[in-house]
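Student: I have a model open and would like to talk it through. Can we look at it together?

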Amino acid sequence: MGHDTHVQEKSVAQYEFNRKKNAVEMRKQVVNFAIMILFTFIAFAVVVADFSPYFIKPVILLLAGVQVALQLYAFMHMGEKKAPFIGVINTFVWLGAVIAFTFFLCFLTIIWW
Amino acid sequence: MDLNTKFTPKSWPDHAEQATLEGKNKFVGIWIFICSDIVLFASVFATYLSLKDKGPAGMDISAAELFGLELAFVMTMLLLTSSLTSVYAMYHMKNFNSKGVLIWMGITVLLGLGFLGLEIYEFYEYTVHEGFGFTHSAFSSSFYVLVGTHGLHVIIGLVWITGLIIRNMKRGLNLYNAPKFFAASIYWHFIDVVWVFIFTVVYLMGVLG
């Protein structure tokens with residue numbers, strides 16, 4: 001299955017550049033992780049602090065949404081345009097999201113009508 | 001080219017996990033699986049939300065009384081951290097550091113085991129000490145199905161990653177196992193994505209009542 005793979009020896013400069021680039025990317029991922037941890041803290045803190053539920057619910061849902069976007073686009077590389085079949089993947093993810101939304105709409109409105 | 005070709009750090013491709021046709025197919029395959037899993041979780045989430053606090057007349061257990069935040073917080077931290085450790089494993093894969101991949105994947109498994117242990121402890125507390133068994137009410141059934149489906153995904157992920165570590169312990173990185181490690185790490189991130197919604201919707205909003 002490796003027939004289409006073209007392997008090339010890198011020059012020393014290219015190799016060292018790539019290692020540095022990987023290290024910079026990893027540092028960015030740690031920052032993303034720090035943001036996720038911070039958001040988790042805030043979400044738990046606003047619930048413990050006992051604000052009005054009308055304030056808490058939208059805030060924690062928003063924080064969850066940002067965390068999930070960070071996971072998908074930073075950790076899972078959904079935004080990488082050069083990845084293979086990335087258009088197919090994005091189409092499926094958004095279709096999945098639409099079906100998921102339909103479930104919520106349906107179950108939360110008609111079941112206890 | 002043979003999949004078991006040996007590489008050096010300098011000849012290792014930039015995107016080794018997608019360098020072969022098999023790697024590309026694995027990448028799109030794991031994502032399509034995840035999309036079908038999104039739909040599965042959406043259905044159990046929607047079921048939980050519509051059956052929350054519902055049950056036979058005179059039911060004495062509600063989400064606000066049952067759920068505690070301490071355990072959920074520790075579980076969240078464990079799973080979030082295990083997500084970062086699998087990113088570290090992928091970082092070492094890019095640098096052709098086989099040992100780094102194995103060690104960080106191993107740490108990921110340990111954190112996942114910690115999470116699973118706490119979840120089993122939580123279920124045990126609810127069923128044995130609170131009398132909140134699976135057949136207690138519509139609320140309890142939908143809760144165990146939702147959180148249990150996620151727990152099952154964690155178990156599958158742990159078995160998967162442990163198997164990868166054992167099988168590739170001495171092989172070193174090549175184009176055969178790089179896509180396997182990458183697919184497992186994508187799956188592990190997805191487990192964390194689902195957990196973000198579970199701790200927000202089940203625990204945090206459950207405590208609010």
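Student: By class, how many nonpolar, polar and charged residues are in the lining of the second largest pocket?

Tutor: This is a predicted model, where local features need pLDDT of at least 70 and side-chain atom pairs count only at pLDDT 80 or more, while totals for chains, interfaces and linings use all residues. Residues are numbered from 1 along each chain as its sequence is written, chains are lettered from A and ligands numbered from 1 in the order written, and side-chain values use heavy atoms, without hydrogens or water. The lining of the second largest pocket has 16 nonpolar, 12 polar and nine charged residues (Ala, Val, Leu, Ile, Met, Phe, Trp, Tyr, Cys and Pro are nonpolar, Asp, Glu, Lys and Arg charged, and the others, Gly among them, polar).

Student: Which residues lie nearest its centre?

Tutor: Of the 37 residues that line the second largest pocket, N22(A), E25(A), H77(A), E80(A) and K94(B) lie nearest its centre (a pocket is an open set of points on a 1 Å grid over the protein atoms alone, where a 1.4 Å probe fits, with protein on both sides within 12 Å along at least five of seven lines, and lining residues have an atom within 4 Å of a point). Two or more residues of that lining come from each of α1 (12–48) and α2 of chain A and α3 (69–94) and α6 of chain B, and α1(A) gives the largest share, 10 residues (helices are DSSP runs of H or I, at least four residues, numbered from the N terminus).

Student: What does E25(A) form with K94(B)?

Tutor: E25(A) and K94(B) form a salt bridge, with their closest N and O atoms 2.8 Å apart (a side-chain nitrogen of Lys or Arg within 4 Å of a carboxyl oxygen of Asp or Glu). The rule finds two salt bridges across the interface of chain A and chain B.

Student: How many residues does each chain put into the contact?

Tutor: Chain A puts in 59 residues and chain B 66 residues, where contact means heavy atoms within 4.5 Å.

Student: Back to pockets: what is the class make-up of the lining of the largest one?

Tutor: The lining of the largest pocket has 23 nonpolar, two polar and three charged residues, and α2(A) supplies the largest share, seven residues. At least two residues each come from α2 (53–75) and α3 (86–109) of chain A and from α1 (21–51) and α6 (178–208) of chain B.

Student: Why does it lie between two domains of chain A?

Tutor: Domain 1 (8–76) and domain 2 (82–113) of chain A both give residues to the lining of the largest pocket, so this pocket lies between them (the bounds come from an automatic or database domain assignment). The centres of these two domains of chain A, taken over C-alpha atoms, are 23 Å apart.
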